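Colleague: I would like to learn how to read a protein model, one feature at a time. Could we work through an example together?

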Amino acid sequence: MSDNSNKISTSRRQLLKGLGLASLFPAISACAATGSSQASAGRVVVIGGGFGGATAAKYIKRGNPAIDVTLVEPNKTFYTCPFSNLVLAGERQLESIGHNYEELKQVYGVKVVHALAQDIDPVAHRVSLSDGQTLQYDKLLMSPGIDMRWNAIEGYDEAAAELAPHAWKAGPQTLLLRQQLEAMQDGETFIMSVPGNPFRCPPGPYERASLVAHYFKKHKPRSKILILDAKDNFSKQGLFTAGWQAEYGDMIEWVGLSNDGRVVRVDAARREVETEFGTRHQAAALNVIPPQKAGFIAERAGVTDQTGWVPVNPVTFESTLVKDIYVVGDATVAAPMPKSGFAANAQGKVAASAIVAALAGVNPLEPVWANTCYSLINPDYGISVAGVYKVQDNQIIDVEGAGGLSAADASDSIRRAEAAYAVGWYNAITQDTWGTRS
């Protein structure tokens with residue numbers, strides 16, 4: 001990142017902190033009401049150590065340190081999808097988006113087990129792990145993230161993803177796609193296939209195209225980017241397309257559903273895709289982002305419905321299908337809240353509050369959430385969309401008049417400021433979730 005991205009004003013830092021506090025304030029209030037009661041102690045197992053799960057584990061212990069909390073996460077380092085596009089652009093190293101669980105263990109007393117949750121018995125309240133352990137729970141919180149719907153696109157399975165990476169889970173797939181971009185010759189084409197809604201991080205593919213274009217502009221200026229999209233519109237579309245034109249000219253071409261943008265077949269070995277009307281496109285580097293569903297353990301627990309996602313009680317995020325199982329983050333049906341890291345963090349706090357309250361035998365408070373999603377056209381050009389949400393008639397709704405988009409006619413200085421705010425947001429939310437990097 002440039003030096004400009006670190007010049008965040010004191011007032012903006014306070015605003016970022018305030019956004020986080022606003023989204024969790026009901027959770028803190030409920031926790032404070034029960035935190036001193038040793039009678040509320042119980043056993044909570046948290047599956048998934050991302051933005052939702054790690055946050056929930058931390059805030060349950062903050063709400064009542066007497067509750068026994070075990071976090072189950074197979075990876076010792078969690079790599080965030082936010083800012084992984086900067087790794088693809090060569091502006092960050094993968095290690096800079098990696099986070100561990102030392103603060104959760106050492107400061108908050110969360111037990112961390114690095115194993116895969118393989119099965120759940122909701123009747124016996126038992127979780128079976130890949131290392132042979134079984135864990136009993138009074139309350140189970142899951143933040144299982146997403147799994148790919150393999151073969152939803154003909155020819156695109158796990159093996160194909162090693163040739164045409166999705167890179168929609170940060171880590172080895174990020175590095176694989178980065179290597180393919182570096183190996184391209186100047187003048188060759190990068191193709192990205194984007195799924196229909198819903199999927200993780202709605203603006204993410206378009207930020208990815210932007211930052212790959214930033215890399216091409218510096219190193220492969222004759223190369224092109226083709227986005228084949230299974231939708232006719234996308235998040236922050238006007239802001240993205242204006243930014244693309246201003247920064248990259250005709251380098252990026254977006255083809256929507258109505259113009260034959262939906263990919264129906266992939267030949268990963270040839271890095272070739274075929275669209276609905278039979279048009280074939282060949283790439284030097286191919287990024288296929290397939291349709292998605294809730295992480296597999298959610299299905300094992302019986303909390304997914306016919307859509308493949310998890311319906312939840314909007315006040316507590318307890319599953320509407322299985323008692324004593326709470327689900328947060330990308331796996332849930334929580335529209336209009338997006339499937340984002342910010343939303344998962346906020347939902348984790350609300351569910352933590354609800355669990356602490358339930359173990360204490362008191363009613364949870366009704367939550368209000370905030371979400372801000374920053375996207376980068378380049379490292380010094382940021383755009384954003386913000387929303388505030390509440391519960392009404394047992395549904396999550398937008399708070400009328402709150403939130404909104406970056407101004408379409410914003411000055412260059414405001415675009416630079418938004419890029420800096422994005423860095424401030426990332427630093428603040430990752431510290432809130434996992435703690436200070438060690």
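The dialogue below goes through helices, strands, rings and a loop.

Modeller: Keep in mind that this is a predicted model. We can begin with helices.

Colleague: What span should helix α6 have, and what is the distance between its end C-alpha atoms?

Modeller: In general, an α-helix has 3.6 residues a turn, so residues three or four places apart point the same way. Here, α6 covers residues 204-219, which is 16 residues, and at 1.5 Å a residue it should span 22 Å. Its end C-alpha atoms are 22 Å apart, which agrees with that expectation.

Colleague: How many residues of α6 are buried?

Modeller: A residue counts as buried when its relative accessible area is under 20%. In α6 this holds for 13 of the 16 residues, so the helix is largely enclosed by the rest of the structure.

Colleague: How far does helix α10 reach, and what comes after it?

Modeller: Helix α10, residues 412-434, has 23 residues and reaches 33 Å from its first C-alpha to its last. That is close to the 33 Å expected at 1.5 Å a residue. G435 follows α10, and its phi is positive, near 100 degrees.

Colleague: Now strands. In what order do β6, β7 and β8 lie, and is their pairing parallel or antiparallel?

Modeller: As a general idea, in a regular strand the side chains alternate between the two faces of the sheet. In this case the three strands form an open sheet, ordered β6-β7-β8, with antiparallel pairing. The edges are taken by β6 (117-121) and β8 (134-136); each has a single partner strand, so one side of each is left without a neighbour in the sheet. On average, neighbouring strands of this sheet are turned by 20 degrees against each other, direction ignored.

Colleague: How many bridges join β6 to β7?

Modeller: Four bridges join β6 to β7, which covers residues 126-129.

Colleague: Which strands pair with β2, and in which sense?

Modeller: β1 (residues 43-47) pairs with β2 in the parallel sense over five bridges, and R43 stands opposite D68 of β2. Between β1 and β2 the chain passes through helix α2 (residues 51-63), and this β-α-β crossover is right-handed. β2 also pairs in the parallel sense with β5 (residues 111-113), over three bridges; there V72 has V113 as its bridge partner. As for cover, four of the five residues of β2 (residues 68-72) are buried.

Colleague: How many aromatic pairs are found in the whole structure?

Modeller: The search finds 14 aromatic pairs. Take F234 and F240: their ring centres are 6.3 Å apart and their planes are at 50 degrees, so the pair is tilted. Both of these residues are buried. Ring pairs also link Y206, F234, F240, W244 and W254 into a cluster.

Colleague: Which charged residues lie over the rings of Y215 and W309?

Modeller: The charged end of R178 sits over the ring of Y215, 4.5 Å from its centre. Over the face of W309 lies K339, at 3.9 Å from the ring centre.

Colleague: One loop to finish. Where is G90 placed, and what is its relative accessible area?

Modeller: G90 is in the loop between α3 (84-88) and β4 (98-99). Its relative accessible area is 39%, so G90 is partly exposed. Along the chain G90 and Q118 are 28 residues apart, and their C-alpha atoms are separated by 36 Å.

Methods
Residues are numbered from 1 along each chain as its sequence is written. This is a predicted model: local features need pLDDT of at least 70, side-chain atom pairs count only at pLDDT 80 or more; totals for chains, interfaces and linings use all residues. Side-chain values use heavy atoms; hydrogens and water are left out. Helices (H or I, at least four residues) and strands (E, at least two) are DSSP runs, numbered from the N terminus. The expected span of a helix is 1.5 Å times one less than its number of residues. Buried means under 20% relative accessible area, exposed over 50%, partly exposed in between (1.4 Å probe, protein chains only). Two strands pair if DSSP finds at least two bridges between them. Axes are lines fitted to C-alpha atoms, for helices over the stretch in contact, and angles run from 0 to 180 degrees between N-to-C directions. A crossover is right-handed if, with the strands pointing away from the viewer, the path from the first strand over the helix to the second runs clockwise. Rings of Phe, Tyr and Trp (its six-membered ring) pair if their centres lie within 6.5 Å; planes under 30 degrees apart count as stacked, over 60 as edge-to-face and the rest as tilted. A charge sits over a ring if NZ of Lys or CZ of Arg is within 6 Å of the ring centre and within 35 degrees of the ring normal.
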